[in-house]
Amino acid sequence: MTATPAATPAAGRAAGPGSARADAASPPSEPSGNGAELARRLAAVRERIDAAARRGGRDGAEVTLVAVSKEVAAARVLDAVRAGHRDFGENRAQELTRKLGELGDGLSWHFLGRLQRNKVTDVVGAVTLLHSVDRLELGEAVARRARALGVVQRVLVQVNVGQDPAKAGVDPIAAPRLVAQLHELDGLRCEGLMTVPPADRDPQPDFAALRTIGNSLRNRFPEMVHLSMGMSGDFEAAVEEGATIVRLGQALFGPRPPARAERRT
Ligand SMILES: *Cc1c(COP(=O)(O)O)cnc(C)c1O
């Protein structure tokens, strides 16, 4: 696993706790050394995505790179924006709301985390794609809020392909039924599947399994085109197996503080 680059002192500092204020204080129009490094990492990751897509017989342009900016200061996100990046991912509603306020319009946000029903209001309509619907009650709450806003919320169903009891996601056996139920709801459009494989084993079979489930569902629901799979340590394998969306944090922004990295929404 060579995807996570060695931490540069600068990247470590920018991602560390308490750095947001200092970063935000630097003039936003002045490209920093940090910004150049981030631009270089974005380009390098993009090349690796393109190469993996070619190995899988696809065009890398079909793969969306979501830069996972959780725990990353807004100033660092702005560096990525200046490098031409637009898609960002967050896994906590509160942090998403804060970043939306700090960074304004014009970006595409993806929500990746466990979503409690009382936080649905903060996320629906604010994100391009909600990756983590894993139960009907959540889908119903999302659809209700979307109807109230007069929007259609695009979502993915998160599948616990590895049947890991510690992980969110619907059981793979129950996924087709959930997709069919979501399909009946106005205000929500289910466009595919997402998974986070268990960390302690080769993720490739899980990526292949998600693709198989996705393929069979697409026969019934043609709009189920997306597979959101692949993170910093395994995105090339995911792209080779057909990922249309990869979600990378540390490969772009450097390591997160370990104590907070495991925190749940
Ligand atoms: C944090 C997170 C990622 C990014 O993980 P990295 O290892 O930093 O690439 C991707 N997906 C989800 C659901 C996450 O919570």
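Me: How far does a polar side-chain atom of Ser232 lie from an oxygen atom of the ligand?

Reply: The distance is 2.5 Å. That falls under polar contacts, meaning a pair of N or O atoms within 3.5 Å; within protein, one must be able to donate a hydrogen and the other to accept it, and residues adjacent in sequence count only if both atoms are side-chain atoms. Keep in mind that this is a predicted model, where local features need pLDDT of at least 70, side-chain atom pairs count only at pLDDT 80 or more, and totals for chains, interfaces and linings use all residues. Residues are numbered from 1 along each chain as its sequence is written, and side-chain values use heavy atoms, with hydrogens and water left out.

Me: Which other residues have a polar atom listed against a ligand oxygen?

Reply: Lys70 has a polar side-chain atom 2.7 Å from an oxygen atom of the ligand. Gln250 uses a polar backbone atom, 2.8 Å from a ligand oxygen. The ligand taken alone exposes 380 Å², and the protein buries 89% of that. Those areas come from the Shrake-Rupley method with a 1.4 Å probe; for residues, only the protein chains shown count as cover.

Me: What surrounds the ligand?

Reply: The shell includes Val68, Lys70, Leu112, Met194, Ser232, Arg247, Gln250 and Arg256. By class, the shell has six nonpolar, three polar and three charged residues. Nonpolar covers Ala, Val, Leu, Ile, Met, Phe, Trp, Tyr, Cys and Pro; charged covers Asp, Glu, Lys and Arg; the others, Gly among them, are polar.

Me: Changing topic. How many helices and strands are in the chain?

Reply: Twelve helices and eight strands. They are DSSP runs numbered from the N terminus: helices are H or I with at least four residues, strands are E with at least two. Of the 265 residues, 51% are buried. Buried is under 20% relative accessible area, exposed is over 50%, and partly exposed is in between, with a 1.4 Å probe and protein chains only.

Me: Where is Glu71 placed?

Reply: Glu71 is in the loop between β1 (64-68) and α4 (74-82). Its phi is near 70 degrees, a positive value in a residue other than glycine. Most residues other than glycine have a negative phi.

Me: Is Glu71 buried or exposed, and why?

Reply: Glu71 counts as buried because its relative accessibility is 14%.

Me: What is Thr64 in contact with, beyond its neighbours within four places in sequence?

Reply: Asp87, Thr244, Ile245 and Val246, where contact means heavy atoms within 4.5 Å. Thr64 and Thr244 are 180 residues apart in sequence and 6.1 Å apart, C-alpha to C-alpha. Thr64 is in strand β1 and counts as partly exposed, at 27% relative accessibility.

Terms used:
A residue is near a molecule or strand if one of its heavy atoms lies within 4 Å of it.
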